[in-house]
Each structure stands twice: as structure tokens, then as C-alpha cells.
Amino acid sequence: MKLSVSATLISLSLLVGCQSTPSTDNSSLSENSSNPSSDIAKSTNNDAADSVDIICPQLGIQPVTVAVSDLWADGEVVTDAYTGRIAQVKNGSVTLTPSRHSGGLLLLESKKEEVPFQWKNATFYHIATDRFFNGNSWNDHSYGRQKTAQGFQGGDIAGLTQKLDYLAELGVDVLWLSTPLEQVHGWLPGKNGKSPEYPYAGGATLDWTQLDTNMGTEQEMRTFVDSAHQLGMRVVWSVDTVPSEPSLADLQQFNIQPKDASDLPSYWNEWQPKDGQNLTNYLDVFKDANGQIPQWWSPAWSDPSSEGNISTPEFFANKPVTNVAQVSRAKNEVLTQWVTTWVAKFGIDGVVLSDSTPQLTQKIEASASKAFELWKTHNQYKALESSSFLVVDLNEKESFKPQIVSMQKNKDQCFSQFTYRLSTTEKSHDLYAINWFEERGLDELSEANYSEYRDTASALLLSQGNLAIWYGDETAKSGEAYSEMNWDQMTGLRLSLMSHWKKLLAFRANHSALSDGEYQVIENNSYYAFIRKNKSDNVMVVYTGE
């Protein structure tokens with residue numbers, strides 16, 4: 001089965017800062033750790049990436065006197081956003097105690113800022129809808145699908161709507177959904193050809209003019225988008241631009257006949273390979289001499305270089321519910337029309353395209369942006385302020401391929417080193433994401449490794465640029481990337497971890513300097529700190545160790 005957009009992003013992950021390691025000088029720690037008010041030892045900005053010695057503080061959770069004169073004058077009041085505690089600047093310093101839940105962090109601010117939304121600073125929450133929450137059980141077996149380990153589990157748009165308060169309280173800006181468009185109805189062979197997989201996370205679009213019934217109805221989608229907008233969150237869809245091979249269920253439902261039906265059971269989706277075969281042989285009895293299925297999508301639909309008019313597939317004539325007309329037109333025009341229709345219908349705020357071409361992306365961006373502006377004109381009470389339409393081509397926009405914050409692969413480094421490396425990573429990659437799953441380095445959340453989960457979140461949420469949170473990162477979701485959201489496990493350590501995420505996301509939402517400010521390191525023998533400042537805002541993050 002072709003990788004979905006979500007899976008593609010995970011496979012594109014890059015380990016942050018893995019090419020170089022800043023040197024660490026701990027020699028002064030034992031000599032000066034008893035003097036929390038010692039002078040600033042070193043100050044630097046991004047341009048000095050590998051020449052800086054980043055200390056590993058060992059002060060821990062106790063009062064620390066922090067030099068803040070670079071940002072605030074004597075008499076100003078500074079707040080630790082994590083605890084809400086305040087201190088007045090005296091002699092260029094404030095004294096505060098980090099929360100024992102913070103891992104030794106102080107989030108210092110003098111005021112909160114009204115931060116206008118910008119895509120480049122947004123926090124995306126990436127959701128595989130089928131695995132998030134089941135709001136309607138009646139659509140769990142649409143098109144005759146059966147629940148399997150690699151199949152649909154029931155999550156849907158109604159379920160997303162029921163969890164919008166949770167997402168708003170978490171503090172994310174953009175809800176990035178796996179494609180809700182109608183996928184092939186049956187299974188497709190997995191990578192090894194041994195296991196059948198249903199495209200619950202996308203990657204096998206059948207009909208761009210219909211929502212997948214497993215996801216829900218158009219009214220449910222409209223309710224979801226409108227409700228998300230009311231809570232200040234934008235909605236972005238993943239959209240595939242290349243059609244999938246058929247499943248056997250599709251071929252049977254759309255009356256596409258094999259060359260020899262004797263090799264097929266009465267319900268074609270129950271086909272099993274014979275000796276010497278695996279599941280990849282499932283289409284053998286349907287293909288012509290050119291290896292094609294004539295009534296299905298022609299190879300031109302998957303060929304980026306194809307030009308001129310091509311026909312929509314014949315099988316749509318036998319599809320009971322579709323808005324696909326039997327026409328011969330340029331492929332890019334047809335796909336653009338299909339995608340734009342959804343923008344005009346619901347006012348979705350953007351699309352993330354996989355397997356697109358620059359020409360197709362440009363067409364979709366131009367057409368969808370116009371449709372979005374028209375939707376805003378007719379739905380002014382629904383549109384968010386500063387709204388603009390986002391189109392991301394995963395093949396073209398390198399900045400949208402996530403760097404992966406992976407503390408577990410850097411266990412020999414302290415938090416201050418890792419945070420610094422994250423902030424000085426080359427700027428061509430400005431979307432950051434956590435990946436607990438690929439070559440997973442952390443075990444199930446426990447008292448023993450809680451600090452690694454917490455500090456990885458801190459490194460991500462205090463980094464520059466925009467962020468991508470994979471659903472369940474905030475509660476250390478167990479299992480593989482596409483395991484079900486762990487709603488029934490939100491107690492104890494997971495609840496504590498989620499509280500940590502909320503505090504950091506709230507701090508981020510209140511300060512544009514965190515995402516786009518100038519970065520300056522402040523080193524002291526008792527703590528590590530960095531400043532972020534721009535024309536309208538400034539903050540300081542202090543780390544005392546734990």
C-alpha cells in the first residue's frame with residue numbers, strides 16, 4: 001500500500017543536530033555551583049553554533065538568582081509562566097524557584113503578548129482520524145470493511161468534534177487531519193506481501209469527490225470545521241494526488257470482471273494466495289497484456305509528466321455515489337476542481353499535498369485560495385481573523401519536512417546541550433516534530449524514563465519555527481505511530497506529562513519571540529539560559545538541572 005501523507009512525514013524524519021556536538025565543559029560546576037548569583041560567563045547568538053560550551057547545570061529544584069538585565073530593568077516585575085510566581089528585578093537579577101514538575105525550567109516573561117496567527121509560527125496537531133476517537137459506531141464497517149489489526153478502528157469526524165474542547169485546552173493552532181476522502185473499500189497488500197492492510201490513514205484515494213463513510217458525513221465535517229473555527233483552531237487536510245490500485249472489493253462492487261473468475265471466491269475480498277504467491281498477486285487475473293486494468297485509473301493519472309487530456313475511469317459509471325463525471329480533460333484541472341470544491345464547501349484552511357507536481361500545486365493554490373476568500377465573504381461570522389489559505393507540497397517545500405526532536409538518541413547530553421543544538425539547526429527545516437516510534441528509543445512511560453519524555457517535549461515546544469505534534473505525543477501514547485489514542489490511560493504520569501505540555505504550549509502561544517525571535521545563549525555556572533527577542537516581545541528560558 002502506498003504510504004499515507006502521515007507515514008511519509010515520519011519516514012522523512014531527520015535527527016536534529018546529529019552532525020556535530022558542542023563541547024561541554026563541566027570543570028567549573030563543582031567550583032562555582034554554590035554561588036547561584038555568579039556573573040554571566042558567556043553570551044552568544046546563533047552565529048557561534050559549534051564554538052559555544054553549553055553547561056549542564058546541577059543546581060536542581062531550589063531558588064536560583066538569574067541575571068536578567070539584558071531584558072528587564074530594575075523595578076520591573078518578572079513572572080515564571082510555569083508556576084505563576086513573580087519577582088521584582090533588583091540589581092539586574094530575579095530569584096525564583098522552578099516547579100518540581102518542570103524538570104528545572106523557569107519560563108520568564110514580563111508581559112503576555114497578543115500574538116496574531118501566522119502559518120510560519122503555528123503549532124500543528126497531526127491526527128490519524130481513524131485512530132483518534134469513535135464518535136459514531138454506525139459507520140465502523142462502511143463498504144463491508146472488517147476490523148483488523150491493520151484496518152479501520154472506528155475513529156471519525158464526529159469523534160474529533162467531541163474532542164475539540166480537549167484540543168483547544170491543549171493549546172494547538174492547527175488540526176491537521178489524515179485525508180478524509182473516500183479510500184479504496186477493501187484491503188491492499190502490505191509491504192511484505194503477507195498482511196492485508198486497509199488505508200485507514202490515507203494513501204489510497206478512490207474518489208476525490210466523496211468523504212469516506214468511515215470518516216463521516218458532510219454535515220459532520222461542516223460541524224467539525226465550524227466548531228474548530230469557533231474555538232480558534234484551523235483545519236488542514238492531507239490530500240493524495242495519485243490514485244491507488246483497486247482492492248478486490250472495489251473490483252467486485254463496480255462490476256469489473258476478471259479474465260478467469262474460477263480463481264476467486266464468491267466474495268472477492270476473501271481471496272488468498274496460492275503456493276508460490278503472496279498478496280501482491282491479487283490482481284493477476286484482472287490485468288491485461290500491458291499489466292493494466294482498463295476500467296481503472298490509467299497510468300497517466302499517476303505519471304507526473306503526463307500532459308493533455310485524459311479520461312476519468314470507466315468504473316465511476318457503476319459507482320452509486322460520486323460527483324465524478326465521465327469527461328476527458330487535463331488531469332491537473334480535474335484534480336484542482338475536486339480539491340477546490342471542498343474548500344468552497346467547508347472553508348477548510350489548507351491542504352498538504354503528497355505526490356504532487358509544481359504545476360498541480362500552483363493550480364490548487366491559486367484556485368483554492370480564491371475559493372477560500374469567497375467562502376470567507378459569505379461566512380464572515382465563521383472565518384477566523386488573519387485567515388489565509390495554506391497549500392503545502394511535500395515534494396517541493398523542504399521546510400515542511402520535520403526535523404525530529406529525539407532526546408532518547410542523545411542520552412549522553414543534558415537538556416541544555418540538546419536545546420541549544422535544536423536552536424542552531426540549519427534553518428531550511430523549520431517544522432519540528434517528535435518521533436517516539438521509528439526505531440523507538442524509549443520504553444513504555446514509567447517513573448524511570450518520565451524525565452526523558454518531559455525533556456523531549458520541552459526541547460520541542462521551546463524551539464524556533466513551527467511545530468508538528470503527533471496525536472498522543474502529549475500523553476506518551478503507547479505502541480506504534482498509528483496506535484489508538486490512549487484516552488483511557490490519561491492518569492498518573494500521563495496526566496502529569498500532558499499538564500507539562502499545556503504549560504509550555506500556553507507560554508508559546510503568548511510569545512511570538514519563542515518562534516521567530518533572535519536567539520541568545522546566557523551561560524552561568526549555576527544555570528543555563530537563553531533569550532528570545534523580537535521587536536515586540538522578549539522572554540528568557542532558564543534551566544537549572546534536576
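Analyst: Just after helix α5, Gly232 takes a positive phi of about 85°. The helix itself spans residues 218-230; helices (H or I, at least four residues) and strands (E, at least two) are DSSP runs numbered from the N terminus. This is a predicted model, in which local features need pLDDT of at least 70 and side-chain atom pairs count only at pLDDT 80 or more, while totals for chains, interfaces and linings use all residues. Residues are numbered from 1 along each chain as its sequence is written, and side-chain values use heavy atoms, with hydrogens and water left out.

With 13 residues, α5 reaches 18 Å from its first C-alpha to its last, close to the 18 Å expected at 1.5 Å a residue (the expected span is 1.5 Å times one less than the number of residues). The buried residues in α5 are Glu220, Met221, Phe224, Val225, Asp226, Ser227, Ala228 and His229. Here buried means under 20% relative accessible area and exposed over 50%, with partly exposed in between (1.4 Å probe, protein chains only).

One neighbour of α5 is helix α8: the buried residues of α8 pack against α5, as well as against α7 (331-346), β17 (350-354) and β18 (390-393), contact meaning heavy atoms within 4.5 Å. Helix α8 covers residues 358-378, and its 21 residues reach 30 Å between the first and last C-alpha, close to the 30 Å expected at 1.5 Å a residue. Leu360, Thr361, Ile364, Ala368, Ala371, Phe372, Trp375 and Lys376 are its buried residues. They lie on the same side of α8 because they cover an arc of only 140° around the axis, taken from the directions from the helix axis to the C-beta atoms. An α-helix has 3.6 residues a turn, so residues three or four places apart point the same way. On the other side of α8, Gln362, Lys370 and Thr377 are exposed.

Phe224 of α5 also belongs to the largest nonpolar core, which has 114 residues; those with the most contacts inside that core are Tyr125, Leu175, Phe224, Trp237, Leu462 and Trp501. Such a core is a set of buried Ala, Val, Leu, Ile, Met, Phe, Trp, Tyr and Cys residues joined through side-chain atoms within 4.5 Å. Helix α7 gives the most to this core, with seven residues. A second, separate core of 20 residues includes Val66, Val94, Leu96 and Tyr527.

One of the links joins Gln183 to its bridge partner in β13, Thr205.

Leu59, in the loop between β2 (42-45) and β3 (64-67), counts as buried because its relative accessibility is 11%. Although 487 residues separate Leu59 and Glu546 in sequence, their C-alpha atoms are 7.1 Å apart in space. Pro320, in the loop between β15 (309-311) and β16 (328-330), is exposed, with a relative accessible area of 77%.

For the chain as a whole, there are 12 helices and 24 strands, and 58% of the 546 residues count as buried. Residues 24 or more positions apart account for 74% of the contacts with a separation of 6 or more.

Technical notes:
Pairing = 2+ DSSP bridges.
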